[in-house]
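Open the model in your viewer and keep the selection tool at hand. The tour below goes stop by stop.

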Amino acid sequence: MFGNILIWFVVIPVIMMIGLGLCRNSSMNAIRSVMVVGSTILLGLSIWLCCEFLNLRAAGVDDEMLFTGSWMWYAPLNIHLAVGVDGISVLMLMLSAVIVFAGTFASWSINPLPKNFFLWFALLSTGVFGFFISIDIFTMFMFYEVALIPMYLLIGVWGTGRKEYSAMKLTLMLMGGSAFLMLGLLGIFWHSAPEGGQLTWNILEISHNANIDPTWQNVLFCLTFVGFGVLGAMFPFHTWSPDGHACAPTAVSMLHAGVLMKLGGYGCFRIAIYLLPQAANELAWIFIILTGVSIVYGAFSACVQTDLKYINAYSSVSHCGMVLFAILMLNTTAMTGAILQMLSHGLMTALFFALIGMIYGRTHTRDIRLMGGLMKIMPYLGVCYMIAGFASLGLPGLSGFVAEMTIFFGSFQNADLFHRIFVIAATCSIVITAVYILRVVGKLLLGPVQDKHHLELTDATWWERLSTVTLIVCIAGIGCFPNWINETIQHSFQPIVAAIQGVVM
């Protein structure tokens with residue numbers, strides 16, 4: 001088992017938890033060392049995995065999943081610890097590793113109970129990594145739940161504002177989505193084999209062998225898409241997101257918005273669309289309406305907020321809506337844009353939340369009406385915030401431009417009037433995004449200093465600079481060199497496109 005490289009993405013966070021457990025509560029240097037070493041190894045491992053994956057593809061290896069492994073876990077229900085990755089999984093692992101690394105340094109001075117905080121943070125990371133490497137839908141769901149459970153304590157103990165309310169609301173709504181998801185996954189399992197065949201949880205076996213009745217497909221598609229869509233902040237199930245993000249500590253907001261919400265989009269693609277293609281063709285229009293509302297509603301809501309975290313939280317509702325919107329277009333170009341958007345939004349929203357935490361730690365307010373002229377006081381953080389803002393509104397050369405243009409171009413390939421009306425409406429969100437980004441930049445960074453005490457504030461520390469530079473380099477790298485991402489993921493779309501085309505034909 002441990003000879004499979006993918007297993008180490010789960011083992012390393014577990015080792016980090018054991019290391020943290022052996023540290024004394026007062027030993028900050030030991031606690032930081034465990035987190036830095038562990039997150040650095042995860043980042044290096046993800047980069048190596050991506051390079052090795054590209055080398056295998058270049059050598060002509062065309063298996064649907066690479067680095068596969070399967071070990072029996074519970075024989076009566078045929079549950080396996082089955083792992084494997086395609087290009088999309090590899091990129092999601094890299095995104096997770098980058099944000100865990102950056103979040104570690106963004107939480108350098110977390111207080112109180114730093115040891116306990118990082119223990120729960122490492123457990124959250126374990127769930128995220130385990131979800132992306134799983135190709136058994138039972139173990140995927142198990143890791144999905146492992147990723148959700150720590151959020152309650154991380155927000156309820158280390159959060160700010162109405163943290164108990166927000167933690168409870170987030171947990172209850174996401175658990176409600178999990179209930180829908182569990183029913184959908186059980187339904188897929190019971191229809192996973194031809195007449196008389198052995199039932200299986202394995203995604204590859206289900207996609208190749210299952211022949212699910214169209215009526216059941218429709219029911220299961222709704223259950224799974226709604227279940228994952230709740231985590232993807234799909235309207236009208238999005239209301240947990242702004243409150244949860246606003247009250248969460250910095251690193252938790254980074255990982256939650258940057259990675260955890262991507263579990264929703266990834267799950268919709270990997271389970272709902274791939275395993276239930278006939279229902280996806282028939283029912284996509286319903287969810288296109290809901291995700292279209294998410295895009296426009298989230299952007300408009302961000303315009304009227306005055307709290308920095310709420311602005312970014314509603315912006316995340318809009319941008320994550322684009323991910324689900326593009327997936328539902330059911331063509332290769334739009335789905336490529338969806339993956340690019342997951343990467344782009346993950347990085348830029350992590351950068352936003354990191355910077356908001358750094359600014360709040362100095363000014364002790366997130367109200368943009370009480371701040372101004374911060375570019376004069378902390379120019380480094382000001383420039384970083386402007387870069388994050390430009391990425392969000394789609395400036396060429398940054399990741400947001402590549403992702404959004406690919407989504408809109410691919411979505412417009414659907415020639416019927418229904419699709420094009422919603423694509424045009426979604427495109428209008430670019431203008432709305434520019435409004436609230438430029439408004440925040442103007443209020444926060446430019447103009448006169450609103451509070452004379454702010455003149456005594458300091459700029460970013462070395463660990464804050466390391467966190468932000470890591471994210472900015474990745475954002476610029478995707479914006480300037482998107483081709484390697486396209487090469488990584490193109491092969492991954494062939495099975496889903498073949499399944500969809502087979503239904504259409």
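Which side chains meet in a salt bridge at 2.8 Å, N to O? Select Asp86 and Arg270: their side chains form that contact. A salt bridge here is a side-chain nitrogen of Lys or Arg within 4 Å of a carboxyl oxygen of Asp or Glu. Asp86 sits in the loop between β2 and α3 and Arg270 in helix α10, 184 residues apart. Helices (H or I, at least four residues) and strands (E, at least two) are DSSP runs, numbered from the N terminus.

This is a predicted model, in which local features need pLDDT of at least 70 and side-chain atom pairs count only at pLDDT 80 or more, while totals for chains, interfaces and linings use all residues. Residues are numbered from 1 along each chain as its sequence is written, and side-chain values use heavy atoms, with hydrogens and water left out.

Stay with the pair. Asp86 has 2% relative accessibility and counts as buried; Arg270, at 4%, is buried as well. Buried means under 20% relative accessible area, exposed over 50%, and partly exposed in between (1.4 Å probe, protein chains only).

Next, select Glu464 and Arg362, whose side chains meet in a salt bridge of 2.7 Å, N to O. Glu464 belongs to helix α19 and Arg362 to helix α13, 102 residues apart. Glu464 is buried at 11%, and Arg362 is buried at 14%.

Now move to strand β2, residues 79-85. Six of its seven residues are buried, so the strand is largely enclosed by the rest of the structure. Strand β1 (residues 66-74) runs antiparallel to β2, joined to it by six bridges; strands pair if DSSP finds at least two bridges between them. Tyr74 stands opposite Ile79.
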